[in-house]
Amino acid sequence: MEKTKILIVDDEKHISELISLYLTKEGYETRQVDDGRKALDEFYSFAPALILLDIMLPGMDGYQICTEIRKKSNVPIIMLTARSDTFDKVLGLEMGADDYIVKPFDPKEMVARVKAVLRRSETREEKHDTKTVSFEKARSIMVLFSSSSRKLFKIYLLLLSRGLLIYLF
């Protein structure tokens, strides 16, 4: 089974190493970047499931990185920064961050927040799981599942032989 990938973007090496240590211990695969411009390149090549993102970075700040990533992806982003003003927190969340952690932080709380954000992200993706299957007498059947409960919500059958649309709940 492939490990969940987490990109750590922080210019303070000892902090990114500490984060990596805790997350690796929990079974995640991590990659560390210390520069804003490198972060975008690494995002595209590493394809992480979550990003831990500092705001104050050389090259490009965390707000800019978050904005650029949001243009193309809904990958969860947790801001991890020393900026503790309410204005900074609100700005980070409004720019697309999913959570905001202020330094100094408790590593165990950070791991718990990572798990919670990933859990919400997986649930959101699974809710929209759509399958299409072809049958002999039917043109197609589209089944929408709620992956969390595995209950069948709707089935649409379009029958070629009669040209009827049968709508079942």
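Trainee: How do you know what I69 touches?

Mentor: Contact means heavy atoms within 4.5 Å. Leaving out residues up to four places away in sequence, I69 touches L40, F43, I51, V75 and I77. Bear in mind that this is a predicted model: local features need pLDDT of at least 70, side-chain atom pairs count only at pLDDT 80 or more, and totals for chains, interfaces and linings use all residues. Residues are numbered from 1 along each chain as its sequence is written, and side-chain values use heavy atoms, with hydrogens and water left out.

Trainee: What makes a set of residues a nonpolar core?

Mentor: Its members are buried Ala, Val, Leu, Ile, Met, Phe, Trp, Tyr and Cys residues joined through side-chain atoms within 4.5 Å. Buried means under 20% relative accessible area, with a 1.4 Å probe and protein chains only. The largest such core has 21 residues, and L7, V9, I51, L53, I65, I69 and M79 touch the most other members. Strand 1, helix 2 (36-46), strand 3, helix 3 and strand 4 each give two or more residues to this core. Helices here are DSSP runs of H or I with at least four residues, strands are runs of E with at least two, and both are numbered from the N terminus. There's also a second, separate core of 17 residues, which includes I8, L52, I78 and F105.

Trainee: Which way do the side chains of strand 3 point?

Mentor: In strand 3 (residues 50-53), L50 and L52 point one way, I51 and L53 the other, and all are buried.

Trainee: Why is the unit of strand 3, helix 3 and strand 4 called right-handed?

Mentor: Point the strands away from you: a crossover is right-handed if the path from the first strand over the helix to the second runs clockwise. Strand 3, helix 3 (residues 62-70) and strand 4 make a right-handed β-α-β unit, so that path is clockwise here.

How values were computed:
Buried < 20%, exposed > 50% of the residue type's maximum accessible area, 1.4 Å probe, protein only.
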